[in-house]
Amino acid sequence: MNRFLLPAGIFAALVALLFVGIQRAPNKSVIASPLIGKPAPQFELPVLGSAETFANESMGGRWYLLNVWGTWCAECRREHDMLLEIASRGEVPIVGLNWKDDPAAAQQWLEQLGNPYVIIPADREGRVAIDWGVYGAPETFLIDDRGIVRYKHVGALHPLAWESEFLPRIRGVK
Amino acid sequence: MIVELGHFALVLALLAALSQSFFGLVGPAKGQASWMAAVRPAVYAQFALTSVALAALVYAFVQNDFSVLYVASNSNSALPLLYRVSAVWGAHEGSLLLWSWILVGWALAVALLSRSLPVEFAARVLGVMGLISVGFLLFTLATSNPFERLWPAPPDGRDLNPLLQDPALAAHPPMLYAGYVGFAVAFAFACAAMIEGKLDQQWARWMRPWTTVAWAFLTVGIGLGSWWAYYELGWGGYWFWDPVENASFMPWLIGTALIHSLAVTEKRGLFKSWTLLLAILAFSLSLLGTFLVRSGVLVSVHSFAADPTRGLFILAFLVVVIGGALTLYAWRAPVLKSNAGFEFTSRESFLLFNNILLVVATAAVFAGTMAPLIADSLGLGTLSVGRQYFDPVFLLPTLPLIALAAVGSHSLWKKGRLRERRTGILVALGAAALLTAVLVLAVWEGAKVLTPIGFLVGGWLLFSALVDPIDRWRRRLSMTPAILGMTIAHASLGFFVISVTAVESYTRERDIALAVGESGTVGEFKYELRSLEFVEGPNYDALRGEIAVSESGVPISLLHPEKRNYWVQRQQMTEAGIDMQWSRDVFAALGEDLGAGRWSVRAQVRPLINYVWLAALLMAIGGIVAALDRRYRRRGEAT
């Protein structure tokens, strides 16, 4: 046994280890939400621009999207047209969780760009977003008719994600 | 347009790097003088082109060009100019570009300063460096292109991670990379020597200043990172044995071993294959550090951009570079045997022990860093390794190492006698014992078991390092930069050990809940929260507290810790309030809002903590001074 081969041998073992490690490394760009398959966290929040409150319990029995947005978020603006299109098709209602935002700015935004949401709970403190494990805006959750979180999309929604991930689930294919 | 120009320049830089490695490695093998003559121009071209690429990216950031995906993801129009520039290396893609630029910068330095080297040897060194450049440029262009466009362009960017909006962190990555990449020079020297099958004392002399300078950069880089973590993360510590910290520390330890082993190879022609192995290891650990940070294999607070596909690319690159070098080593190192003996207490033996202890310390850090990964790969579940492991396994080899240095730096080559220095060493030990007694008994209260040991070995090394200069001064002998540099580095290391011992032993810390007007005590210190007010910065607003601290009833500091809300990323950041006094830091950070106007306040008083970083800086200066020694340049002047 050549002792000069030893470093190369140790290195080979290390490479094998790292290779296994890579395969198991979580892909951070699509962090699977621990909420998937679990009941949606419940909340009750004031509705944007009104004195009423909204509890997500009241959505019971219906599929809905929970879209986390804010006027301060550039990606949300990019996503907005896509949301309007989903709303116009009427397949699934969108609840717009307005996250850490200024109410006046949020209302102005909706007046200018159009409102895709059925209702807009305002999470000014960000506590609900914490319960939902929101990492950044925009994020979109899909909740089924039994109140179970079925899917989470991180970043701006795009047609590909909508057709391959959301629609099949809503239509009961996936 | 400028952005596309940058992208194009980077593609051309890859071609330049390819020709650099081809002419550099194939030229000497074929004995083609004209091919070897083409290596230097290829380096110049690669440097110019990579500089254009980097400048183009800086330009895109300064101009707020959010149609560039990387700029949109890491900058914002409200971001101050300094951070728009440092945002260039604020995430993965730009970091890689900076890395490539620094690598070719080192190659440029080698090209310019290697006129005295044999032509074939210089060509091979630059060829190996070109090969590393090829890997990094290919990686950048294929998986991490910073020039990618985003359409439609967003009105504004997502901002730089607020954690990185800090002057120390603007300078930390360039310094760290300069150190990491600097070891590529030592690596290339080692590979060139193995290819030629020739390794003499001259070789070690060429390599020493390069290794020492790279080591000095790495020292400063690690120091800056540690300093930043102290005041920016709001935890108040200076070292957390975080995987990313370890990733930078392991090459440093091996680099330190290499510096000492090179001394033996230069002076006595010994340890040849060992020196080669250390040169390969130092750079390999730098690359491995990159892999660990960038692949997401090890989860850490630092890994901002983790991506498995990138990890796979780096792993393949590691296999080529490290695997190639180690195979070359297994094949060639047996040829490069050194035959000479030395006595047990000679300088050679001391340096041998130095190397063994440093490698053992590195292995211990390595094991702790990799253990979670091993456990996960073998399906044993998740494992977290903290300071309960690292502190003892690291101190076990390093405390004896410090004591060894106190004695060993006075030993002689080949011979086992310490000569007249014995008195000096004992006087230094006596002085250290006196210092320990004063510090433990009179200055601070509450010593721990290791406290006197830390002070004693640290003090011993500090005073022992001064014996030689004092001796020379009394005998009117001159000091060479090499000896002066060694003295500074060793004395600073002793000073470092003393400072760390003080911080670890005598820190007073407590988390207290305070409302405005209330106060709480930490040992003999009283923290009083005077006020809380909102203030506004350029791209954030903040809650600013005013905390008055008094010691045994005497007011000593007024602190202004902040809790900042960065607008774009909606991230809360802690800006600690620190009063830097000559002997200690009085520290306060706002923790959590506990409701009803009460905040948790992290109150800490840490003696000597700033000297930990000052000592690291002095160590680096020692390295630079030693690298300036005239004997490294002598041959250059002769030709």
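Guide: Two strands pair if DSSP finds at least two bridges between them, a strand being a DSSP run of E of at least two residues and a helix a run of H or I of at least four, numbered from the N terminus. This is a predicted model, in which local features need pLDDT of at least 70 and side-chain atom pairs count only at pLDDT 80 or more, while totals for chains, interfaces and linings use all residues. Residues are numbered from 1 along each chain as its sequence is written, and chains are lettered from A and ligands numbered from 1 in the order in which they are written.

Visitor: How do you know that β8(B) pairs with strand β9 of chain B?
Guide: β8(B) and β9(B) (residues 584-595) are joined by 4 bridges and run antiparallel, and at least two bridges are required; in one of the bridges, Asp579(B) has Val586(B) of β9(B) as its partner.

Visitor: Why do β1 and β8 of chain B stand at the edges?
Guide: In the open sheet, ordered β1-β10-β9-β8, β1 (508-514) and β8 (577-580) each have a single partner strand, so one side of each is left without a neighbour in the sheet.

Visitor: Why is Thr50(B) called buried?
Guide: Thr50(B), which lies in helix α3 (residues 39-62) of chain B, has 31 other C-beta atoms within 10 Å and is therefore buried (buried means 20 or more, exposed 12 or fewer, partly exposed in between, with C-beta atoms placed from the backbone).
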